[in-house]
Amino acid sequence: MGTEKRSRWRGASALTLLCAMAILTAPGLATGAAYAAPTPEPGTKSLEDVRKNIEDLYRQAGSATDAYNLADGEAKAQSERIVEIARQIVAGEEKITSLKGRAGAAARAQYRSGGLPPGAQLALSGSPTQYLDGADRLRQGEEATTDLLSDLNRTQDDLARYAKDASDQWRKLEANRLKQETSKKQIEEKIKAAEELESKLEAEEKARLIQLEQQAQYKAQTAWLSSGALKGAGASATDAGKRAVQYATAQIGKPYVWGAEGPNAFDCSGLTSQAWLSGGRRIPRTSQEQLRLLPKVAVKDMRPGDLIIYFDDATHVGMYIGDGAMIHAPRPGRNVTIAGAGSMPIKAVVRPD
């Protein structure tokens, strides 16, 4: 890495760490200051209960978003396959037309020879030399005819298989379209329910709600760090990992939008997949597929660029950036930000490179 590149990387790392420290030691959090929710009236939910309800709704929306993104990716792959099959069918039909043309030419040649089969014409030859030469040509002609008919039959079989494959792909495409519609409906319902809960809060309560979110994250992060989870950690990022972290860092402040992959908005796995694409590696689109298909590493062996999969259902993902911090797109209504890597329950850590 050149001096200029190292300088840029150190600058980006310094900015990242400053942001991380600001998040992880925010005033009122690092000091343990409490932001008490207002005392609820009898029969009403506390602000903490509201926070948990909103969080649960957004997690359900996140699960539906993963299902939507997976169906969307499969639908795109099926569409591309259908286009490829269409090309194969066109090429096959052109080949059949050509083969039939050659077969027709052979039939017309036989007609011009008086209709006698080539073998009969050969037997009537009066010259031994002509007979031997003709026998060789006859054998070649018979082989060519056999090859032509075999090629014709094989091409027709290919077309039948292509047609079946195309029909199967269309059925899968329609099934995925229905999955997307179902997931989209679930996402919109959960987000709407969460937004309605939040909209009923007064401005002061909304501010306290954010403080409660930060307190819960800080408490989880502190407990995680105190457990010694990062003891011995400190591995350096690879060049590809540095590029991925730089990309993710540059997106800080952009809004979360479900299904978005940039450049103006992201969902959680949209951010991580695009960051690693910038790093030179194409990885699965969803957090669940990232967990399923990428190699797992121990938490203590994490290095910047690794992906942290959260919750038992693997419905959230962030990118580790070092020093106990990660970048993620949290949820609707929030922007891409830096948070504690242990601020949510960790399911696994996976490594794209």
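Is Leu57 buried or exposed, and what is its relative accessibility? At 15% relative accessibility, Leu57 counts as buried, where buried means under 20% relative accessible area, exposed over 50% and partly exposed in between (1.4 Å probe, protein chains only). A quick note before the views: this is a predicted model, where local features need pLDDT of at least 70 and side-chain atom pairs count only at pLDDT 80 or more, while totals for chains, interfaces and linings use all residues. Residues are numbered from 1 along each chain as its sequence is written, and side-chain values use heavy atoms, with hydrogens and water left out.

**View 1. The whole protein has eight helices and six strands.** Helices (H or I, at least four residues) and strands (E, at least two) are DSSP runs, numbered from the N terminus. Of the 353 residues, 37% are buried. The protein exposes about 19600 Å², with carbon and sulfur atoms supplying 54% of that; these areas come from the Shrake-Rupley method with a 1.4 Å probe, and for residues only the protein chains shown count as cover.

**View 2. Leu57 sits in helix α2 (residues 47-112).** Contact here means heavy atoms within 4.5 Å. Set aside the neighbours within four places in sequence, and Leu57 is in contact with Lys190, Ala193, Ala194 and Leu197. Glu195 is 138 residues away from Leu57 in sequence, yet their C-alpha atoms are 9.6 Å apart in space. Across the protein, residues 24 or more positions apart account for 69% of the contacts with a separation of 6 or more.

**View 3. Thr65 is another residue of helix α2.** Thr65 counts as buried because its relative accessibility is 4%. Its side chain reaches the backbone oxygen of Ala61 at 2.8 Å. Not counting residues up to four places away in sequence, Thr65 touches Ile187, Tyr256, Trp258, Gly259 and Asp267.

**View 4. Six strands line up in an open sheet, in the order β1-β6-β2-β3-β4-β5, with antiparallel pairing.** β1 (296-297) and β5 (337-340) stand at the edges with a single partner strand each, so one side of each has no neighbour in the sheet. Two strands pair if DSSP finds at least two bridges between them. Strands of a sheet pair through backbone hydrogen bonds, either parallel or antiparallel.

**View 5. Strand β2 (residues 307-310) pairs with strand β6 (residues 346-350) over four antiparallel bridges.** Look for Tyr310, whose bridge partner in β6 is Ile346. Helix α6 (residues 239-250) packs on the sheet, touching β3 (316-322) and β4 (325-328). The direction of α6 makes about 115° with that of β3; axes are lines fitted to C-alpha atoms, for helices over the stretch in contact, and angles run from 0 to 180 degrees between N-to-C directions.

**View 6. β3 is mostly covered, with seven of its seven residues buried.** Four bridges join β3 to β2, and the two run antiparallel. On this side, Leu307 has Met319 of β3 as its bridge partner. The β2 and β3 hairpin has five residues between the strands, and Phe311 in the turn has a positive phi of about 70°. β3 also pairs with β4, in the antiparallel sense, over three bridges. Here Tyr320 has Met326 of β4 as its bridge partner. That hairpin has two residues between the strands, and Asp323 takes a positive phi near 55°.

How values were computed. A polar contact is a pair of N or O atoms within 3.5 Å; within protein, one must be able to donate a hydrogen and the other to accept it, and residues adjacent in sequence count only if both atoms are side-chain atoms.
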